[in-house]
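Here are some short notes to read beside the structure. Please keep the view open while going through them.

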Amino acid sequence: MVPYLLAVLLLAQQTEPTKEQKQILALVAQIRRLAASEPVVYGVDSRLKAGEALTGKYPSVAKDLLRDAQAALSGVTVPAEQDSMRVRIVERMAPLDLDEAERLIGAIRRGGDEDYVAQAYDKLVEFLARNHGNTREMISKGLQAGGFRSASAAKRLEDSKTAHPSAAVAMFSEILGAFPTQSPGERDVYYLLSCTAQIAEINRPLAVEAIDQALSAATSEKLRITSAENEKDKKAARRKMLREIASMLRSIDPELLERYKSEREELAQAMTAEDATKPEEEHKDDVHVPDLSEMSYSDALSYARKLKDPAERTAALIDIYRRETITEQQRSSVASEALTASTTMPITNDRLTAMAMISRDFARLNQPANAAFAAQLLSETFSKACDCEHTTCEKSGEKFECVDLLNLFAEYLEEFKISAEAMSLNNISLEARLLIFKLYPLLGLKTPSLWSFGN
């Protein structure tokens, strides 16, 4: 693999590679080997991150990594994950080859709860905006390609409605023309209504035409309602949508609303029907951390130990050991107690966060052995939560953004310059990300800003 990459480099530069260039390309070869052995979604993510770092100095190598990522997507079994990753590939391909980036959008599925086509074209619009390109033309291409819920189009409409009304009318006409009449979804209808609110004062006939379109979709049997599962809730969602349409008609012209009510029975019924109040769904409150600041160290510690909820007990202990007024011995002792308490928490994002916080705090205290032990517990919890090899896994009703969590863990290790070996961590995806971090100084780049979940 290294000779191939060197050949690419030499072809581009026609010079003997330097020692630094050989180091970079050797690292890239290692990353590619690891990515090929990772679970597919992690391998795609590794290639994307490496490609992003290499874009400025080694565009041909970066492009090759992105093409590898695109090819690997065939192994991703969840369609939404495939398309979400395609959006990321499009974003990173844009500075390398705008035409190829746009062609990649052709593989993204149309329709569905998320409008990934619109998201991909929005990325191209953002790229052109940064480079003084023709954003208006790209917005039109996106709408024509089936990317209806375009954030770029909506922003263009809002920005131009006062200063350039004629441009706003033209933009809205394109949005209206792109409405997916054959397979509308509820989010499509709400997007159209939001844009209609922007144009109503400028061009009433066009706004009324859009409302007609929204009303036809809202009453159609083809309407996809994804916010509800059972038939009763879907009917309630449809009535809510019809009431939104009625509200917009009223804001344009109350008499017009009355005419519509007389002509469209569904609209009149929706306005008079009352949906049964649904009992509030049980939801998990944020962990409540009692205010122990006014208590002495010993009283606060005694109070924290009596808390029955393991999450609250862990949070209270973390709060105590972060006090500036306690001794280092007290801090270490309570941090160890907090770590033990965290192991009794159910497998949740809160447990991951607590363990990450404690591990980072041990590292800050220059206690590598304790930091390593906490990191091992964190790694074990991550493995249990993220055992599905998808971008997002679900455990006991809670969702875990697993690729993001792994990236944050890698950032933590990078921040404190801790090797995975030092913590006895054996994770091929973690290893790949730590190698990617090594690319940055060799490329003369700053390591990406850290956003650690264990602040």
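1. Contact here means heavy atoms within 4.5 Å. By that rule, Leu 25, Val 28 and Arg 32 of helix 2 meet Val 61, Asp 64, Leu 65 and Asp 68 of helix 4. Sorted by class, this contact has four nonpolar, no polar and three charged residues. The model is a predicted one.

2. How do the axes of helix 2 and helix 4 cross? They come within 12 Å and cross at roughly 0 degrees. Angles under 35 degrees count as roughly parallel, so helix 2 is roughly parallel to helix 4.

3. Helix 3 covers residues 40-54, 15 residues in total. From its first C-alpha to its last it reaches 21 Å, close to the 21 Å expected at 1.5 Å a residue.

4. Is helix 3 mostly covered or mostly uncovered? Helix 3 is mostly covered, with 12 of its 15 residues buried. Among the buried residues are Val 41, Tyr 42, Asp 45, Arg 47 and Leu 54. The cover includes helix 2 (19-37), helix 4 (59-72) and helix 5 (79-93), and also helix 20 (368-385), helix 21 (402-415) and helix 22 (428-442).

5. His 132 lies in the loop between helix 7 (116-130) and helix 8 (135-144). Its phi is near 60 degrees, a positive value in a residue other than glycine. His 132 counts as exposed because its relative accessibility is 77%, and exposed means over 50%.

6. Asn 366 sits in the loop between helix 19 (349-364) and helix 20. Phi of Asn 366 is near 60 degrees, again positive in a residue other than glycine. With 65% relative accessibility, Asn 366 counts as exposed.

Conventions:
Residues numbered from 1 in each chain as written. Predicted model: local features only at pLDDT ≥ 70, side-chain atom pairs only at ≥ 80, totals over all residues. Heavy atoms only, no water. Helix = DSSP H or I, 4+ residues; strand = E, 2+ residues; numbered from the N terminus. Expected span 1.5 Å × (residues − 1). Buried < 20%, exposed > 50% of the residue type's maximum accessible area, 1.4 Å probe, protein only. Axes fitted to C-alpha atoms, helices over the stretch in contact; angles between N-to-C directions. Parallel < 35°, antiparallel > 145°, perpendicular 65-115°, else oblique. Nonpolar A, V, L, I, M, F, W, Y, C, P; charged D, E, K, R; others polar.
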